[in-house]
Amino acid sequence: MNPKLTRRRFIKGVIASSAAAASTSLWYSAIGADRPAGAVERLLSLNVNGQTRRVDVAPQETLAHTLRYKLGLTGTKLGCNRGECGACTVLADDVNIYACSTLTHEVSKKAVMTVEGLRAADGTLHPVQAAFVQELSPACGFCTSGQVMSAVALLKSNPRPTREEARQAMSGNLCRCGAYDHYLNGVMRASGQLS
Amino acid sequence: MSSHDVMPEMSLYQPVRVEDAIGIANQFADRGWLVGGGQDTYGWLKDRAKSADALIDLKGIESMRGVKETADGIEIGALVTLTEITKDPIIAQRYPLLAQAAGRVASPQIRNVGTIAGNVSQDVRCWYYRRGLNCYRAGGNLCYADTPEGMNREHAIFNASRCVAVTPSDTGPALVALEAQMVINNASGQRVVAAEEFFVGPNLDIQNTTVLRPGDILTAVRIPSKWANAQFYFEKVADRNAWDFALVSLSAVMRVNNGVIEDSRIVVGAVQATPRRLTEVEQAVRGKARNDSTADSIGDLASRTANPLNYNHFKMPLMDNLVKRALRGQA
């Protein structure tokens, strides 16, 4: 086995090949043929992380599914897939939402931001990411991308939250390691209130 | 039954006018499913516990957005999110009760997309029913919760009729207390229903929690000025401070003059299938001071006629204590 074939690379390869297969699939065109008049168009121009991505989206497809398995943005995690953990948190027009409990077609006119879109072009981490690193906020790290997105949403609407406001704002993200206080320290540091 | 990774296949409509949405809803009848924030919808569909042929996404309908002032109070569009309600300056000033109730729903991300119409028309949360079992509410002929081994800690202590599920809504009791009016549109026009009549118990209709039927769209909620700037009390008790549904919640509005309660409406959530108005308590405190001795004099009036199940007796003192806290004016 090729030692460079990591799990992540394998998943991305599967995404690329299935996207190519989907574009010519008879199954997709058959669905389109008996679609009742007025239903949504499958082909979307989705604004993700500042880029326009053309993507074929089933009517019932969730945003988490599109991001991970169509666009290869696997930084958005699926924990419970039913709006009860927060791992899939992304921003839609700067508001944090659960990508598992949103249809991609519902945000087709919004600007979607995932954890991949936070880093500056030169690789500099977003202040929230840098603060989380400095405060050793993540333990296992599975919930981290969701925690980051909730913190980013909070600081966009409230740049200097109190610790209690931050606690409330982060309450839609579970952390099974129990690193809540470390994340809160990270939020306070990112808002310039810890030195 | 496992939670599937993806949603089952369905068509999706995104109308931008109420009339178009009603037309599509009528076309699909009981195979169409109205979607606001979708937070009560996708679990049902992913679990294959309920299904639909078409989702009708209402969020593109501009006329169902925003909070407007009217001649007698305010009108809240059906699509106004719970987060928007917590931040609205008019609601915060005149009806902080509703803002507090909306702010205690689920989690920030769910409040960011969940709508006021969805919060009041969501289905009950009984886990047997949610699992897709063929219980009374699902059209079958038994209840799994009301059995010797049934897990019914979160279920009803009043007015059960075959089904023992409770209303999960936090804003519903607040709207009943505020004497809100629900504006419902369908193909034959518009009707306005008092919040108190909007919710329906299993004795009247076991498969629906509201008066809404296929083809009906709840388009707005009106709150009259009658209780604007009154004294309010809201408290929700749940196992966790995020996500969880209420074990018991209480919404109270009171007109207090010189410390004396002239009039009040006290409504409790999560003790029966509909928000429960405590008319006996309201009558007992009329003309009395809003203080500790009035609170103490009420005793167990609120829970006296309760009929608890195996595991939910705790809701009786919980409810009585919430009533006392509301009457004495502080937590």
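Which domains does the domain assignment of chain A give? It gives domain 1 (7-113) and domain 2 (127-190), with bounds that come from an automatic or database domain assignment. Before you select them, note that this is a predicted model, in which local features need pLDDT of at least 70, side-chain atom pairs count only at pLDDT 80 or more, and totals for chains, interfaces and linings use all residues. Residues are numbered from 1 along each chain as its sequence is written, while chains are lettered from A and ligands numbered from 1 in the order in which they are written.

**Stop 1**

Helices (H or I, at least four residues) and strands (E, at least two) are DSSP runs, numbered from the N terminus. Chain A has 195 residues, and buried ones make up 43% of them; a residue is buried if 20 or more other C-beta atoms lie within 10 Å of its own, exposed if 12 or fewer, and partly exposed in between, with C-beta atoms placed from the backbone.

Now colour the domains of chain A, domain 1 (7-113) and domain 2 (127-190), separately. Where they meet, the contact takes 13 residues from domain 1 of chain A and 12 residues from domain 2 of chain A, two residues being in contact if their C-beta atoms, placed from the backbone, lie within 7 Å. On the domain 1 side, select β3 (89-92) and β4 (95-98) of chain A, each of which supplies at least two residues, and of the elements there β3(A) gives the most, with 3 residues. The residues of this side divide into 6 nonpolar, 5 polar and 2 charged, where Ala, Val, Leu, Ile, Met, Phe, Trp, Tyr, Cys and Pro count as nonpolar, Asp, Glu, Lys and Arg as charged, and the others, Gly among them, as polar.

**Stop 2: where chain B meets chain A**

Bring chain B back into view, and you will find 28 of its residues in contact with 28 residues of chain A. On the chain B side, the elements that give two or more residues are β1 (11-13), α2 (42-46), β3 (54-57) and α6 (108-113) of chain B. Of these, α6(B) gives the most, with 5 residues, and the residues of this side as a whole divide into 13 nonpolar, 10 polar and 5 charged.

**Stop 3: a sheet in chain B**

Next select the strands of the open sheet in chain B, where 5 strands follow the order β4-β5-β8-β6-β7 with antiparallel pairing; two strands pair if DSSP finds at least two bridges between them. The edge strands are β4 (67-70) and β7 (189-194) of chain B, each of which pairs on one side only. From one strand to the next the twist averages 25 degrees.

Within this sheet, look at β5 (residues 73-77) and β8 (residues 217-223) of chain B, antiparallel strands that 4 bridges join, and find B:Ile74, which stands opposite B:Ile223 in β8(B). Axes here are lines fitted to C-alpha atoms, for helices over the stretch in contact, and angles run from 0 to 180 degrees between N-to-C directions.

**Stop 4: the nonpolar core and an enclosed helix**

A nonpolar core is a set of buried Ala, Val, Leu, Ile, Met, Phe, Trp, Tyr and Cys residues joined through C-beta atoms within 7 Å. The largest one has 150 residues, and those with the most contacts inside it include A:Val90, B:Leu97, B:Leu98 and B:Leu178. Its largest share, 7 residues, comes from helix α5 (residues 144-157) of chain A. Centre on B:Leu178, which touches B:Tyr95, B:Leu97, B:Leu98, B:Ile223, B:Trp227 and B:Val253, not counting residues up to four places away in sequence.

Finish with helix α5 (residues 96-103) of chain B, where 7 of the 8 residues are buried, so it is largely enclosed by the rest of the structure. Among the buried residues of α5(B) are B:Leu97, B:Leu98 and B:Gln100. To see what covers them, select elements including α3 (82-87), α4 (89-94) and β10 (248-257) of chain B.
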